[in-house]
8 protein chains.
Amino acid sequence: MAAKKTTNESAPLVGIVLGSASDVDQLEPARSTLKEFGVPFEFRVLSAHRTPDHALRYAEEAEARGIEVIIAAAGGAAHLPGVLAAKTVLPVIGVPVKSKSLNGLDSLLSIVQMPAGVPVATVAIDGATNASLLAISILSGKRPELRAKLKRYRKQLAEKVLGARV
Amino acid sequence: MAAKKTTNESAPLVGIVLGSASDVDQLEPARSTLKEFGVPFEFRVLSAHRTPDHALRYAEEAEARGIEVIIAAAGGAAHLPGVLAAKTVLPVIGVPVKSKSLNGLDSLLSIVQMPAGVPVATVAIDGATNASLLAISILSGKRPELRAKLKRYRKQLAEKVLGARV
Amino acid sequence: MAAKKTTNESAPLVGIVLGSASDVDQLEPARSTLKEFGVPFEFRVLSAHRTPDHALRYAEEAEARGIEVIIAAAGGAAHLPGVLAAKTVLPVIGVPVKSKSLNGLDSLLSIVQMPAGVPVATVAIDGATNASLLAISILSGKRPELRAKLKRYRKQLAEKVLGARV
Amino acid sequence: MAAKKTTNESAPLVGIVLGSASDVDQLEPARSTLKEFGVPFEFRVLSAHRTPDHALRYAEEAEARGIEVIIAAAGGAAHLPGVLAAKTVLPVIGVPVKSKSLNGLDSLLSIVQMPAGVPVATVAIDGATNASLLAISILSGKRPELRAKLKRYRKQLAEKVLGARV
Amino acid sequence: MAAKKTTNESAPLVGIVLGSASDVDQLEPARSTLKEFGVPFEFRVLSAHRTPDHALRYAEEAEARGIEVIIAAAGGAAHLPGVLAAKTVLPVIGVPVKSKSLNGLDSLLSIVQMPAGVPVATVAIDGATNASLLAISILSGKRPELRAKLKRYRKQLAEKVLGARV
Amino acid sequence: MAAKKTTNESAPLVGIVLGSASDVDQLEPARSTLKEFGVPFEFRVLSAHRTPDHALRYAEEAEARGIEVIIAAAGGAAHLPGVLAAKTVLPVIGVPVKSKSLNGLDSLLSIVQMPAGVPVATVAIDGATNASLLAISILSGKRPELRAKLKRYRKQLAEKVLGARV
Amino acid sequence: MAAKKTTNESAPLVGIVLGSASDVDQLEPARSTLKEFGVPFEFRVLSAHRTPDHALRYAEEAEARGIEVIIAAAGGAAHLPGVLAAKTVLPVIGVPVKSKSLNGLDSLLSIVQMPAGVPVATVAIDGATNASLLAISILSGKRPELRAKLKRYRKQLAEKVLGARV
Amino acid sequence: MAAKKTTNESAPLVGIVLGSASDVDQLEPARSTLKEFGVPFEFRVLSAHRTPDHALRYAEEAEARGIEVIIAAAGGAAHLPGVLAAKTVLPVIGVPVKSKSLNGLDSLLSIVQMPAGVPVATVAIDGATNASLLAISILSGKRPELRAKLKRYRKQLAEKVLGARV
């Protein structure tokens, strides 16, 4: 794989794949959340349209490399999550990125309306935090410590809401 | 739980929850796919609006009962998947049911646009088959035999496409 | 209730509930209108997804606490008004908050498209003023002085329009 | 009033107004629900565009005639609820009727997006049942027996859901 | 009429009516175009919801006062053009004003989707220039000098396009 | 003009132009309404895309031929009304025809969103009746008998509404 | 290539690729138009999601096999045209197929909103005829006889319109 | 042709036509891409509505003048691409320009939803780069050196993606 790698990649369990380097800010919350939970991950820029072979190979090899969940983000005619899902039976989570003209409605429909046979688990437009939480929830199926952390995280969320001064 | 139970429930791993009994036909493909894969599941009708306490309790108790993934289907102002997700850290898969007036656009947006903190893994409108395949993919994280079945399933899908006479 | 309270709460008749503290500015007009009409109210931040139990309990106890109308505001997959309405037979008014990507269309559809049995009285996107006026209109059913005030308010609205210089 | 009257009108508390006689079937559930709850109502066909004077006069005189809540249904450029609300401070509930070409999206937006000052309590597209339940909820502010009936109604709803065989 | 009047009103042929004083800037091009063509007009702020009686009376009296075309602009649940059209058989031109949350889609549908019997001649969102040109075109039916001016105007438009340097 | 002509064409005042012969049923109400009002008209099938020269020539020659108003109906990428309006300063009324896939939303936007300089008076999707009434309203500027007929027509509309039994 | 082939394939110039055998009827007009023009073509069912490798290989080998234009049709999250375009620099024409719930709006946006670098020439929803005409227009760049046929075709279109009896 | 010409016009192969001079910035990427590929082109401002005759004549004469592909950009009720396509059998590529109120959804539908018989090859909203790449792809049918350049361009695109640091 020629794509550049980033930190926290010893034995990555989650592969975050971006369709375009310009979407990196939208995905930042996924990165920070996975770090907060101590989940090793890797970060890739791979395009369904500009680097189709690399994208497919990434999906094809992910399972063997120890990846358990893929998060894929793309905008506009957002094919990346579906194209990755076509080459792996790992859970693929799709993040529709808000687009310039249609505000992400195009991204959302391009990702969520997958045909029967190849699912993509779609989260909200620019929903990177939830993509990572969903990945952690999936990983927690065989990692009780992650499940416990998720419960603490939810508790903190609740406390923050209840403690809000308005 | 007072809600009626259906077949295949010895040690259910997947809980399929419908917001309305009238959506049962749309969910049929989830049922048949889970059966085909030999995944035990249960089927419930529980409404976020008409039986909120039962719905929340279902989500709250699911993990302890051995459920590993929840599939929730609803239409219109489709709150069920989000409300269940609020009470469990298990992965919750949302199926937007096609609605009478807005064709499921309302269902889709009500399910997918969840706020940060509580994800719902959304599939296509009336995407029950993919909901069950996603559930199986998640379950397969610690069940290699399911992963193998998923790969065979994909192979059959491909063969069906390639064998089509047009 | 652990949620923080604000002013004007001796014998609150209206409960204003926000799904997120970040929506407080959008709700300000409701607050100021209720004050202008001298209607006691309380202000809560309670999330259908992050604090589901508190939200449900709030709705369940509202009637006994003397609340007569609930105003609930939320954005995106806006479940709060519907979830509160599920636990009370008091009138619940829903305010769709303008969302970042879809401009509140998601909020509106998530709130207004409720299934038969559990109504939410929906006002315009970011329509906090009208939510409070609708609450006052409902309260005025047994409070003639409020009805009189509403009529004066309408008169002033008209005078302002007719006096506009353009 | 020259408009034709229908049954159950001794001391009507709710005025159901239709923009077009062709929408009568969509409003049937409102009629039957009000009957079920024993709430006297009247039924009118009055158009904001074809009979504007009658429509405005109806709204203007409603309060003095003892009407406490108005339900107004219209489709397309659905101005009736807003036009009635302009002439009364009674609560006005708007029912967007599903339209032929745009499926009621036009009706919904025409009704719900009211400017500050004149609220319309909007329910779902073709949401006649909920319009009547909301009217009953409003009336129940000073009629404890209606509130009790609403609670029984909700209980029955829940039982129906929980008893569903799927 | 209590509403404030503006310049150029000796024998106004066109009545420009705004639903809100805040829309005055969007209508400025109509004003300047009518002045350029030497068509006398008047400018009113009259709301279908806040001053319904004045609005209806305006439409009712317009013909007798010598008005030949009405231009009405409104945003959101934009009822003004339709409500005026309900009280006059003069041509009524509707200008959907771009709204804050839905960008004028609500305004457009509220104005254009009129039921059979009462037409509103709708122009583009924020299409004030075209509203005035359409009014002039209608007036020119019996004023050959206006028709000639329209033709010169079109010629100038063409020359401007053809002379553009890009 | 090679295009086929139909009845009622002695001195036609209104030209009804269809983009496609398949839209003829949607335009029938315009035909019958004009007949009812005794307004002579002609009926043409002329396509902006398949017969652009004929379409433009029609618009160019209409005024000299005594036509005073043009009604143009088209669906999908509905360019006909705008293309005709580009070649005449007569009032052009656009009728968006309901389209197969997008229900006329494409037709509506293609017709109503005209750039500044060349207006099209747009009516509702499939709004042929209103197109003809708007044409009659425009013609009535110098024909008092048509104005009187329009007022009678409105009266009958009102009586029909008020006489409805529901 | 394992995919089934159909008639008219001696030296195919156009490759028609369907995402699903169920879309074959929508593509029939492309087939018949190409036959009418005497353009050799081939017909394939290849899915971006179910047979990604075959789809990519098809695009990759198309140029060498003599294919000059590819027509790809798909519905829902319609990735096929974009995925093929990613693997060839031949012109790829995308046909959005009308989908069950969202009427093809999802298909259209998934196909047309391609990122910079990899274009797809998109035609109307279910626009198979135009897809084939566009392919012929492209082929005619070096085939004068096709260009001549296209002109005759246009002439016949015009004659059909002008000869319509309405 | 009176329209102003710009650089790089010796033997132009591509005609870029803008509906409005104000859209020139959106089209800049088409200009620079064609220059980069060494494809001679011309740049025109011609409006379907303000200069219909010039627009049609441009399309009619394009083929004889050596133009092989036309790129047409327009916003709102974007008729220019379709109107040009009506007068030539050359491939016409449509670029929907993002519009002020509806963000280009109106432009897109006005361009892409062409009726059978006259295709427009539509690219993404503000997709000028892809319009020029599609033109080059079409031209490359008989210019192997362009095809080779396109392949190099794709390679560079891929390298840029793979070299991104995130």
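Buried means under 20% relative accessible area (1.4 Å probe, protein chains only). The buried residues of H4(G) are G:Asp106, G:Ser107, G:Leu108, G:Leu109, G:Ser110, G:Ile111 and G:Val112. Helices are DSSP runs (H or I, at least four residues), numbered from the N terminus.

The model is predicted: local features need pLDDT of at least 70, side-chain atom pairs count only at pLDDT 80 or more, and totals for chains, interfaces and linings use all residues. Residues are numbered from 1 along each chain as its sequence is written, and side-chain values use heavy atoms, without hydrogens and water.

The count comes to 12 cavities of 30 Å³ or more. A cavity is a set of points, on a 1 Å grid over the protein atoms alone, where a 1.4 Å probe fits but cannot get out; lining residues have an atom within 4 Å of a point. Volume is the space filled by probe spheres set on the points. The largest cavity holds about 1,000 Å³. Its lining has 39 residues, with A:Leu105, C:Leu105, E:Leu105, G:Leu105 and H:Leu105 nearest the centre. Helix H4 (105-112) of chain G is among the elements that give two or more residues to this lining.

Chain A can be laid on chain C with an RMSD of 0.0 Å, by a turn of 90 degrees and a shift of 0.0 Å along the axis. The two copies are therefore related as by a four-fold rotation axis. Superposition is by least squares on C-alpha atoms of residues with pLDDT of at least 70 in both.

Methods. Chains lettered and ligands numbered in written order. 1 Å grid on protein atoms, 1.4 Å probe; cavity = no way out; pocket = protein on both sides within 12 Å on 5 of 7 lines; lining within 4 Å. Buried < 20%, exposed > 50% of the residue type's maximum accessible area, 1.4 Å probe, protein only.
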